[in-house]
Amino acid sequence: MLTRNSPDLVVVGAGVVGAACAFYAAGCGLSVTVIDRGPVAGGTTGAGEGNLLVSDKEPGPELELALLSTQLWQKLAELLPPQVEYEAKGGLVVASDAARMDALRTFAAAQNRAGVTAHEIPADRLNDLEPYLAPGPAGGFHYPQDAQVQPALAAAHLLRASGACLRLGEEVTGILTGAHDEVRGVRTTAGDLHTPYVVNAAGAWGGELARLAGVDLPVRPRRGFVLVTEPLPRVVRHKVYAADYVADVASGSAALQTSAVVEGTPAGPVLIGASRERVGFDRTLSTEALRRLAAQATALFPVLAQVRAIRTYAGFRPYLPDHLPAIGPDPQVPGLLHACGHEGAGIGLAPATGLLIARLLTGPEPPLDIAPFAPGRFLTTV
């Protein structure tokens, strides 16, 4: 039974996607409670680099979502404190040879037509943007819309700004439903909480949460590692990666893939990603993944060969088979909405996801077509 102490909405997951859902829902006048079995940003968000990318997305629904999020992140950067380390640094994608440069040129032209700003950089001008970049690339493209945040701090400050009630260290063990399978609340390790709406923002564990409601959402974890160097002067100015990274992101392979993304941070360390492989929730350190990342990073920036890596961390990207997130109402359980499956793009796509969820709950027309993200495209009863 709903009471005056029951929130309008419960968001399960205190990562950046859950935080964005809470922020925009609260901004539409809803009372929100966010529940997580761990700390804020204790899952995928806390193991991310903070990438806010348009450069790696081909024209289509995900790029539309990313372009909307780019605008929203710019507005959030003015609202949130500087500790979130929003940095509109831009991205630089480099091609190792003429054939890859031709492919990158075709890719960027299609992105331009879809609203992405991309400037071709000839080989002899690459060092104007990145003085320490290795010689030899055939050219590249500069993407000024690419940016970065400190993901854990961004999630924390979004939650604070939302005013949501935060319940940490409390695991959701069941979804309460009524006579017509409609959501009536959640069951947690601390008791029942009644609400008419639940948002599944559980990231890589989104499939497990969906199963509590009796539906099958095929979210699978895709493990990735990040190398962190000792603090340095700003030797890497942009977010830099080889053109092969785009193909790796779009791949559905379960095998280990690595394609270095190298970037400096305001605090000094250089972050080196990204690897991906489907090994379940196995956190075992992969020396092969780290070896490949280090080799690829030093191939791009030889200066890093003399730099110490001081730590590494692993995370699980929430992978869905068609590489698009699930955003919107569950077709079988009224009152359950999904906001998960963003793979490695969740930090960048979080604001647009949160805004879409808020609009779906409160009535104004969503700012873009949500049909490609509809959970019903692969949900089945379990």
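**Figure 1. Strands β4 and β6 run side by side in opposite directions.** In this predicted model, strand β4 (residues 91-95) and strand β6 (residues 139-143) run antiparallel and are joined by five bridges. As a reminder, strands of a sheet pair through backbone hydrogen bonds, and they can do so in a parallel or an antiparallel way.

Figure 2. A pair of aromatic rings can be described with the distance of the centres and the angle of the planes. The model has four aromatic pairs. In one of them, Phe 23 and Tyr 24 have their ring centres 5.0 Å apart and their planes at 90°, an edge-to-face pair. Are these two residues buried or exposed? Both Phe 23 and Tyr 24 are buried.

**Figure 3. Trp 205 and Phe 281 form a stacked pair.** Here the rings lie 4.9 Å apart, centre to centre, with 15° between the planes. This pair links distant parts of the chain, as the two residues are 76 residues apart. Trp 205 sits in the loop between β12 (198-200) and α6 (206-212), while Phe 281 sits in the loop between β17 (270-276) and α8 (287-300). Phe 281 counts as partly exposed because its relative accessible area is 34%, which falls between the 20% and 50% cut-offs. Ring pairs also bring in Phe 316, so that Trp 205, Phe 281 and Phe 316 are linked into a cluster.

**Figure 4. A cavity is lined by residues from β3, α2 and α9, among others.** Rolling a probe the size of a water molecule over the atoms shows where empty space is left. Searching the whole structure turns up one cavity of 30 Å³ or more, and the largest cavity has a volume of about 60 Å³. Its lining includes Asn 51, Lys 57, Trp 73 and Leu 349. Two or more lining residues come from each of β3 (51-52), α2 (61-79) and α9 (346-362), and α2 gives the largest share, four residues. What kinds of residues line the largest cavity? Six are nonpolar, four are polar and one is charged.

Notes. Residues are numbered from 1 along each chain as its sequence is written. This is a predicted model: local features need pLDDT of at least 70, side-chain atom pairs count only at pLDDT 80 or more; totals for chains, interfaces and linings use all residues. Side-chain values use heavy atoms; hydrogens and water are left out. Rings of Phe, Tyr and Trp (its six-membered ring) pair if their centres lie within 6.5 Å; planes under 30 degrees apart count as stacked, over 60 as edge-to-face and the rest as tilted. Buried means under 20% relative accessible area, exposed over 50%, partly exposed in between (1.4 Å probe, protein chains only). On a 1 Å grid over the protein atoms alone, a cavity is a set of points where a 1.4 Å probe fits but cannot get out, and a pocket is an open set with protein on both sides within 12 Å along at least five of seven lines; lining residues have an atom within 4 Å of a point. Grid points are joined across faces, edges and corners, and a volume is the space filled by probe spheres set on the points. Ala, Val, Leu, Ile, Met, Phe, Trp, Tyr, Cys and Pro count as nonpolar, Asp, Glu, Lys and Arg as charged, and the others, Gly among them, as polar. Two strands pair if DSSP finds at least two bridges between them.
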